[in-house]
Amino acid sequence: MAASWVPAWLESLLLFLIPPSCIEELLVNFNILHVECLKTLISKVLGYGIILGSSIVKVPQVIKILVAKSAEGISIYGVLLELTAITNTLAYSYANKYPFSAYGEALFMLLQTAAIAFMVLYFQGKHATAVGFLGCYTAILSYLLSGMAPMSVLATLHATGMPVVLVSKMIQAIANYRQGHTGQLSAITVFLLTLGSMARIFTSHQETGDTLLIMTYVVSTAANALIALQIVWYWNVVQKPKAE
């Protein structure tokens with residue numbers, strides 16, 4: 001039970017984030033340096049903050065492609081591999097019944113990444129392929145989240161997360177290097193992805209203790225940081241228009 005001075009709405013919010021024992025420690029006993037309760041609170045706030053941010057993290061990228069009516073500079077192979085890694089994380093975490101705050105951003109990033117993959121194909125003139133991709137991907141995702149997929153399969157798929165993330169980002173990094181610019185990549189999106197994956201290292205350790213999940217975010221942070229460094233490096237490079 002929280003102290004009488006705590007408003008009901010604040011108590012309800014805190015109960016959503018931390019157990020009653022921590023509310024008592026922090027607000028009744030005024031033990032504001034209680035390490036475990038502070039770690040739990042920080043992890044939950046970070047987790048839901050990441051989820052909130054992830055709901056729009058790739059919107060700048062989507063807008064940039066739509067405005068330019070071009071996805072030049074964006075590797076479709078890199079996007080598809082990234083989508084695979086996100087899908088594996090979502091399916092594995094959902095099947096393990098981890099707290100939504102520990103993986104919820106995967107759902108929103110999945111939707112946005114799938115949209116980017118569709119637009120890359122569409123603006124390459126592969127309209128039928130783009131539609132076919134959406135249909136096939138929807139069917140695969142439905143199966144993975146249906147409960148019919150064996151846990152052993154989901155664990156194996158998730159185990160491929162680290163190399164898949166690394167390869168997907170290296171494909172994009174190599175494409176950037178060969179082009180001498182970062183094309184239609186959104187700096188805002190890349191920087192937010194780097195910060196988000198960095199924060200996920202802490203929240204995954206705190207909320208799941210899953211070493212495989214934690215290492216996936218470690219690799220993701222390093223890979224996103226590489227792309228972020230390239231954006232800074234090529235910041236003032238003017239993209240040359242394609243010859244007609």
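**Confidence.** I began with pLDDT, the predictor's confidence in each residue on a scale from 0 to 100. Helices here are DSSP runs of H or I with at least four residues, numbered from the N terminus. Over the chain the average pLDDT is 84, and 94% of the residues score at least 70. A note to myself: where pLDDT is low, the predicted coordinates should not be read in detail.

**Ground rules.** This is a predicted model, where local features need pLDDT of at least 70 and side-chain atom pairs count only at pLDDT 80 or more, while totals for chains, interfaces and linings use all residues. Residues are numbered from 1 along each chain as its sequence is written, and side-chain values use heavy atoms, with hydrogens and water left out.

**Helix α7.** I went to α7 next, residues 127-145. Its 19 residues reach 28 Å from the first C-alpha to the last, close to the 27 Å expected at 1.5 Å a residue; the expected span is 1.5 Å times one less than the number of residues. Which residues of α7 are buried? I noted Ala130, Phe133, Tyr137, Leu141 and Leu144, with buried meaning under 20% relative accessible area, exposed over 50% and partly exposed in between (1.4 Å probe, protein chains only). Seen down the axis of α7, these buried residues fall within an arc of 60°, so they line one face of the helix; the arc is that of the directions from the helix axis to the C-beta atoms. The buried residues of α7 pack against α5, α6 and α8, where contact means heavy atoms within 4.5 Å. Turned away from the buried side, I found the exposed residues Ala128, Val131 and Cys136. Cys136 has a relative accessible area of 51%. After α7 comes Gly147, with a positive phi near 95°.

**Disulfide.** How many disulfides does a search of the whole structure find? It finds one, taking a disulfide as a pair of cysteine sulfur atoms within 2.5 Å. Cys22 is joined to Cys37, S to S 2.2 Å. Cys22 sits in α2 (residues 20-28) and Cys37 in α3 (residues 35-54), so the pair ties together parts that are 15 residues apart in sequence. The link of Cys22 and Cys37 is left-handed, with -85° about the S-S bond. Both cysteines, Cys22 and Cys37, are buried.

**Helix α3.** From Cys37 I followed α3 along. The buried residues of α3 include Cys37, Ser43, Lys44 and Gly47. Seen down the axis of α3, its buried residues fall within an arc of 165°, so they line one face of the helix. Their cover includes α1, α2, α6 and α10. On the other side of α3, Val35 and Leu52 are exposed.

Asn88 touches Leu157, His158 and Thr160, not counting residues up to four places away in sequence. Ser75 lies in the loop between α4 and α5 and is buried too, with a relative accessible area of 11%.

How values were computed. Helices (H or I, at least four residues) and strands (E, at least two) are DSSP runs, numbered from the N terminus.
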